[in-house]
Amino acid sequence: METALHQNKTFDTIDYSEQKLSDNEFVNCEFINCNFSKNDFSSIDFLDCTFKNCNLSVAN
């Protein structure tokens, strides 16, 4: 599967807890009030990203 690239984007109030984010690369992105609980970050690249008021509980 090809990696999806996301650059210079803002993601606001998104619930990723039930979504698979594998094979994604985020560069210079901002996540605000997003829910990443129980998500697996092992095949996701975050480069120069910020997380504000995000739920990262039980994330791998």
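This is a predicted model: local features need pLDDT of at least 70, side-chain atom pairs count only at pLDDT 80 or more; totals for chains, interfaces and linings use all residues.
**View 1. The open sheet E2-E4-E6.** This sheet consists of 3 strands in the order E2-E4-E6, and the pairing is parallel. Its edges are formed by strand E2 (10-12) and by E6, each of which pairs on one side only. Neighbouring strands of the sheet are turned against each other by 10° on average, direction ignored. Strands of a sheet pair through backbone hydrogen bonds, in either a parallel or an antiparallel manner.

**View 2. Asp 12 and its surroundings.** Asp 12 is located in strand E2. With a relative accessibility of 44%, Asp 12 counts as partly exposed. Its side chain and that of Thr 13 are joined by a polar contact of 2.8 Å. When neighbours within four places in sequence are left aside, Asp 12 is in contact with Ile 32, Asn 33 and Cys 34. From Asp 12 to Lys 52 the C-alpha to C-alpha distance is 9.5 Å, and the two residues stand 40 residues apart in sequence.

**View 3. The salt bridge between Lys 52 and Glu 30.** A search of the whole structure finds 1 salt bridge. The side chains of Lys 52 and Glu 30 meet in a salt bridge with an N to O distance of 2.8 Å. Glu 30 belongs to strand E4 (residues 30-32) and Lys 52 to strand E6 (residues 50-52), so the pair ties together parts that are 22 residues apart in sequence. Lys 52 counts as partly exposed, at 43% relative accessibility.

**View 4. The open sheet E1-E3-E5.** Here 3 strands form an open sheet with parallel pairing, in the order E1-E3-E5. Strand E1 (4-7) and E5 are the edge strands, and each pairs on one side only. From one strand to the next, the twist averages 10°. E1 pairs with strand E3 (residues 24-27) in the parallel sense, over 4 bridges. Among the residues in these bridges is Ala 4, whose partner in E3 is Asn 24.

View 5. A disulfide is a covalent bond between the sulfur atoms of two cysteines. With a cut-off of 2.5 Å between sulfur atoms, the count comes to 0 disulfides. For Cys 29, the nearest cysteine sulfur is that of Cys 49, 4.8 Å away, and Cys 29 is in no disulfide. Cys 29 is buried, with a relative accessible area of 2%. Cys 54 is likewise in no disulfide; the nearest cysteine sulfur belongs to Cys 34 and is 4.7 Å away. At 19% relative accessibility, Cys 54 counts as buried, because the limit for that class is under 20% relative accessible area.

View 6. Ser 37 lies in the loop between E4 and strand E5 (44-47). A relative accessibility of 12% places Ser 37 among the buried residues. The side chains of Ser 37 and Asn 35 are joined by a polar contact of 2.9 Å. Residues up to four places away in sequence not being counted, Ser 37 touches Ser 17, Asn 55 and Ser 57.

Methods:
Residues are numbered from 1 along each chain as its sequence is written. Side-chain values use heavy atoms; hydrogens and water are left out. A salt bridge is a side-chain nitrogen of Lys or Arg within 4 Å of a carboxyl oxygen of Asp or Glu. Helices (H or I, at least four residues) and strands (E, at least two) are DSSP runs, numbered from the N terminus. Buried means under 20% relative accessible area, exposed over 50%, partly exposed in between (1.4 Å probe, protein chains only). A polar contact is a pair of N or O atoms within 3.5 Å; within protein, one must be able to donate a hydrogen and the other to accept it, and residues adjacent in sequence count only if both atoms are side-chain atoms. Contact means heavy atoms within 4.5 Å. Two strands pair if DSSP finds at least two bridges between them. Axes are lines fitted to C-alpha atoms, for helices over the stretch in contact, and angles run from 0 to 180 degrees between N-to-C directions.
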